[in-house]
Amino acid sequence: MSDATALSLEKLTLRYGNTTAVESLDLTIGKGELVALLGPSGCGKTTTMRAIAGLLAPSGGTIRLDGVDITRVATNKRHIGLMFQSYALFPHLTVFDNVAFGLKLKGIKGADLRNRVESGLKSVGLMDYAARKPPELSGGQQQRVALARSMVMEPKVLLLDEPLSNLDARLRLDMRTELQRVQKETGVTMIFVTHDQAEALALADRIVVMRKGAIEQIGTPEEIYNAPVSHFVADFVGFENIYSIRDGRLHSDTATLPIDGPLPDAAGLAFRPRAVVLGQGNLRGTVRGVSFAGGTREYVLETAFGTVKAEADAALPAYRLGEELVFDLPIQNAAILSRQ
Ligand SMILES: Nc1ncnc2c1ncn2[C@@H]1O[C@H](COP(=O)(O)OP(=O)(O)OP(=O)(O)O)[C@@H](O)[C@H]1O
Ligand SMILES: [Mg+2]
């Protein structure tokens, strides 16, 4: 393991009674990295975080922090910070005292305490709010207090479980930027759980896509977005048209596509709507949906091999509902899936 490794999970297995929530998971996270755990509900994201934090004892495997085995170390001795979705601030305490709370428990007081709390509040832009109480703050400000409260403990790794899910769309975007800024400025290693692919793509240095308690793919946002390895990941990152390759032909769930020509030696092909070329080619479809999306128009096409989602520049003449058209799925526009 290199010096640059902050946290490593080795063959981590987590069970609740007879239910296996996470199975033999291997993951290495570098110092200062911001890693997103992305996956659908129930895939084991929170369970993994709880184990890292020491709130759930693994049934198997090892957790190392800075190379030291912490699998059996008590939660409060792990130097791991936690910020869950319900980040419950103390409503009767001021912002300052909320942020100071954990530090006081550690016996920090006087000027040292004040300096650390103030620098925490500064890093989230809330110095002017130190004397307020949580009910006098907006949702986003409360979120930032919770972030400051975690950060001042100087954790080696900070775990955030869907920290933005309580916020409205606009605040979420602001907090996203804020989180990323604080993370880069302080260099703290962060693991961030989300089931929102846009959030993971925007924030993370690396994304871990989880499925049914296992890792489906690990990669940079670009890799996950452009080169999903499987049907599952492709579907998750917005490839609306996904086909499998069998016996040298391309298949939808219901039919074989009339595409000639050599297919890659792979498990499938995935096309984003914008990869579909309208108005030329030898595939046929009928327009069953048109929606204007600003710069583009989105089409739902009915074809002999199922529904195809397409997207075209809004400056081009629009196809109308019920109109028949030809289109093409150029293989060079597809993501090549190596697994089913
Ligand atoms: N306390 C528990 N007892 C029994 N089973 C549990 C418990 N907590 C979670 N599970 C199960 O373990 C699996 C993983 O749950 P987990 O909470 O890790 O999912 P998640 O990926 O965080 O999902 P979400 O996106 O909905 O938060 C699920 O099948 C869930 O039902
Ligand atoms: Mg969860």
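**Figure 1. The two domains of the chain.** The domain assignment divides the chain into domain 1, residues 5-227, and domain 2, residues 234-337. The model shown is predicted. Between the C-alpha centres of domain 1 and domain 2 the distance is 39 Å.

**Figure 2. Where domain 1 meets domain 2.** On the domain 1 side, 8 residues are in contact with 7 residues of domain 2. Domain 1 and domain 2 bury about 610 Å² between them, and 64% of this area is on carbon and sulfur atoms. The count of salt bridges between domain 1 and domain 2 is 0.

**Figure 3. An open sheet of 4 strands.** The strands are ordered S16-S15-S14-S17, with antiparallel pairing. Strand S16 (306-313) and S17 are at the edges and have a single partner strand each, so one side of each lacks a neighbour in the sheet. On average, neighbouring strands of this sheet are turned by 50° against each other, direction ignored.

**Figure 4. Strand pairs in the sheet.** Strand S15, residues 296-303, pairs with S16 in the antiparallel sense over 8 bridges. Within S16, Thr307 is the bridge partner of Glu302. Strand S14, residues 277-293, pairs with S17, also in the antiparallel sense, over 6 bridges. Here Gly285 has Leu325 of S17 as its bridge partner.

Technical notes: Residues are numbered from 1 along each chain as its sequence is written. Chains are lettered from A and ligands numbered from 1 in the order in which they are written. This is a predicted model: local features need pLDDT of at least 70, side-chain atom pairs count only at pLDDT 80 or more; totals for chains, interfaces and linings use all residues. Side-chain values use heavy atoms; hydrogens and water are left out. Two strands pair if DSSP finds at least two bridges between them. Helices (H or I, at least four residues) and strands (E, at least two) are DSSP runs, numbered from the N terminus. Axes are lines fitted to C-alpha atoms, for helices over the stretch in contact, and angles run from 0 to 180 degrees between N-to-C directions. Domain bounds come from an automatic or database domain assignment. Contact means heavy atoms within 4.5 Å. Buried area is the accessible area (1.4 Å probe) that two parts lose on being put together, summed over both. A salt bridge is a side-chain nitrogen of Lys or Arg within 4 Å of a carboxyl oxygen of Asp or Glu.
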